[in-house]
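Dear colleague,

I am passing on the structure that we spoke about, and my notes on it follow below. Please keep the model open while you read them.

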Amino acid sequence: MSKGPGLFSDIGKKAKDLLTRDYSCDQKFTVSTYSDAGVVLTSTAVKKGGLSTGDVAALYKYKNAFIDVKVDTESNILTTITFTEILPSTKTIASFKLPDYNSGKVEVQYFHDHATFTTAVALNQSPLVDLSATIGTPTIAFGAEAGYDTTSGSFTKYTAGVSVTKPDSYASILLGEKGDTISASYVHHLDQMKRSAAVGEITRRFSTNENTFTVGGSYLVDPLTLVKAKLNNHGKLGALLQHEVIPKSVLTLSGEFDTKALDKTPRIFGIRSRLQD
């Protein structure tokens, strides 16, 4: 693949990952095993509130193809097949979910040194079509995406964004939800080893004149332990501790509090464990 500007979905992703990734309010346990034939088997159990769900997934790599099959407790079977380099500088992703025969989808990604393009089409009688394009370099990128409903002949979404990447910082601006929201984010690494980082994001929704400002940070205490925290202007405080208990086995503890109503609102806690054999 090329060393170009990346996909449109990458714009703003670094800030989003710092502020949302691994934060949870549920209990999740995951076990992965690897066979000599190259098959990865993953079992997941999730408990959220009084509801418990689970799934079993198998991932297999054959030459330039990845085949991922997942079966959940509701008897749904999700299959995703990813092909790389069918054509030069492309990736093709096909997915479908049974028993929903209208859930099929094909996505083609094209990578160039100065641009990337993505086309996704639903495989049904009234397909939705998603298009995105990004131009630029690994340092600065401009992009846009749009969704089109072929049945109604109308756009379901359109978004535009720009990102700037430097060795120790990252900034992005996204105009989304058909122009109703604008978000700006900034990530700065505080040391050369990138063990600590600070992030800030501000979002304005024009239809309600509502602003949301969130700040956060992460710190790698040692190669096995990561701590994260975030706080927004509505008083929501989140914290996370992630520790690799044994090689490839990670335990994550997270919590969320409403600092403006600690005596009225129940605290929300989550725990996740991921074991790999």
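Helices (H or I, at least four residues) and strands (E, at least two) are DSSP runs, numbered from the N terminus. Before going further, please note that this is a predicted model, in which local features need pLDDT of at least 70 and side-chain atom pairs count only at pLDDT 80 or more, while totals for chains, interfaces and linings use all residues. Residues are numbered from 1 along each chain as its sequence is written, and side-chain values use heavy atoms, with hydrogens and water left out.

The buried residues in α1 (residues 13-20) are Ala-15, Leu-18 and Leu-19, where buried means under 20% relative accessible area, exposed over 50%, and partly exposed in between (1.4 Å probe, protein chains only). They lie on the same side of α1, because they cover an arc of only 90 degrees around the axis, the arc being that of the directions from the helix axis to the C-beta atoms. After α1 comes Asp-22, which has a positive phi, near 75 degrees.

The next topic is the salt bridges, each defined as a side-chain nitrogen of Lys or Arg within 4 Å of a carboxyl oxygen of Asp or Glu; by this rule there are 4 salt bridges. One of them joins the side chains of Lys-157 and Glu-145 (3.9 Å, N to O), and because Lys-157 lies in strand β11 (residues 154-166) and Glu-145 in strand β10 (residues 140-149), the pair ties together parts that are 12 residues apart in sequence.

Another pairs Glu-177 with Arg-205 (2.7 Å, N to O), and it links distant parts of the chain, with Glu-177 in the loop between β12 (169-176) and β13 and Arg-205 in strand β14, 28 residues apart. Arg-205 also meets Asp-180 in a salt bridge (3.1 Å, N to O), and through shared partners Glu-177, Asp-180 and Arg-205 are joined into one network.
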